[in-house]
Amino acid sequence: MSLDAPTDPLSYAASLLDAVGADFDQVPAQVIVECLYAAELLELAGGRAERTPLIDGDPRASIRAAMGALALLHPDTFASDPVRDAARAARRALRGLG
């Protein structure tokens, strides 16, 4: 199954953040924790993380794409606590990558 941000932004974002959280070679532990936390929150909000590769093998690009997918959400969905908290965790993860 192919993930598609416009049709399922929660799952797309959760999958990308989960992929970053699994990249022990490029990503520091604190960033891994933030990404896995964000993916879990998005699953609580109704998304479903599926195995997916990083975008161009780049953790930063993958986090940015996940955040872009969240921007596609209906404002009421984005305003839910789990989604807002996931967006904040993704932002901290991106900052943690420098």
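Trainee: What should I know before we start?

Mentor: This is a predicted model, in which local features need pLDDT of at least 70, side-chain atom pairs count only at pLDDT 80 or more, and totals for chains, interfaces and linings use all residues. Residues are numbered from 1 along each chain as its sequence is written, and side-chain values use heavy atoms, with hydrogens and water left out.

Trainee: Why is E34 called buried?

Mentor: Buried means under 20% relative accessible area, exposed means over 50%, and partly exposed lies in between, with a 1.4 Å probe and protein chains only. E34 has a relative accessible area of 12%, so E34 is buried. E34 is found in helix α2; helices are DSSP runs (H or I, at least four residues), numbered from the N terminus.

Trainee: Which residues does E34 touch?

Mentor: Not counting residues up to four places away in sequence, E34 touches A89, R92 and A93. Contact here means heavy atoms within 4.5 Å.

Trainee: Good, now the other end of the scale. What makes R95 exposed?

Mentor: R95 has a relative accessible area of 59%, so R95 counts as exposed. The residue sits in helix α5. From C-alpha to C-alpha, R95 and V31 are 8.7 Å apart in space, although 64 residues apart in sequence.

Trainee: And how do you know whether L44 is buried or exposed?

Mentor: Look at the relative accessible area again: L44 has 61%, and therefore L44 is exposed. L44 belongs to helix α2.

Trainee: Why does G57 get a label of its own, partly exposed?

Mentor: G57 has 39% relative accessibility, so G57 counts as partly exposed. You will find G57 in the loop between α2 and α3. The C-alpha atoms of G57 and D23 are separated by 9.6 Å, and these residues are 34 residues apart along the chain.

Trainee: What is there to notice about the phi of D56?

Mentor: Phi of D56 is near 50°, a positive value in a residue other than glycine. Most residues other than glycine have a negative phi. D56 lies in the loop between α2 and α3. At 77% relative accessibility, D56 counts as exposed.

Trainee: Which residues of α2 make the contact with α5, and how do they divide by class?

Mentor: On the α2 side they are V31, E34, C35, Y37, A38, L41 and L42. By class, the contact of α2 with α5 has twelve nonpolar, one polar and three charged residues. Ala, Val, Leu, Ile, Met, Phe, Trp, Tyr, Cys and Pro count as nonpolar, Asp, Glu, Lys and Arg as charged, and the others, Gly among them, as polar.

Trainee: How do you know how α3 and α5 are arranged?

Mentor: The angle of α3 and α5 is about 155°, with axes 10 Å apart. They are therefore roughly antiparallel to each other. In α3, R60, I63, R64, M67 and L70 meet V83, A87, A90, R91, A93 and L94 in α5. This contact of α3 with α5 divides into eight nonpolar, no polar and three charged residues.

Trainee: What makes α1 roughly antiparallel to α2?

Mentor: The axes of α1 and α2 cross at roughly 155° and come within 8 Å. That crossing angle makes α1 roughly antiparallel to α2.

Trainee: Last one: what makes a set of residues a nonpolar core?

Mentor: A nonpolar core is a set of buried Ala, Val, Leu, Ile, Met, Phe, Trp, Tyr and Cys residues joined through side-chain atoms within 4.5 Å. Of the 30 residues in the largest nonpolar core, L17, C35, L42, I63 and L70 touch the most other members. α1 gives the most to this core, with eight residues.

Note on methods
Helix = DSSP H or I, 4+ residues; strand = E, 2+ residues; numbered from the N terminus. Axes fitted to C-alpha atoms, helices over the stretch in contact; angles between N-to-C directions. Parallel < 35°, antiparallel > 145°, perpendicular 65-115°, else oblique.
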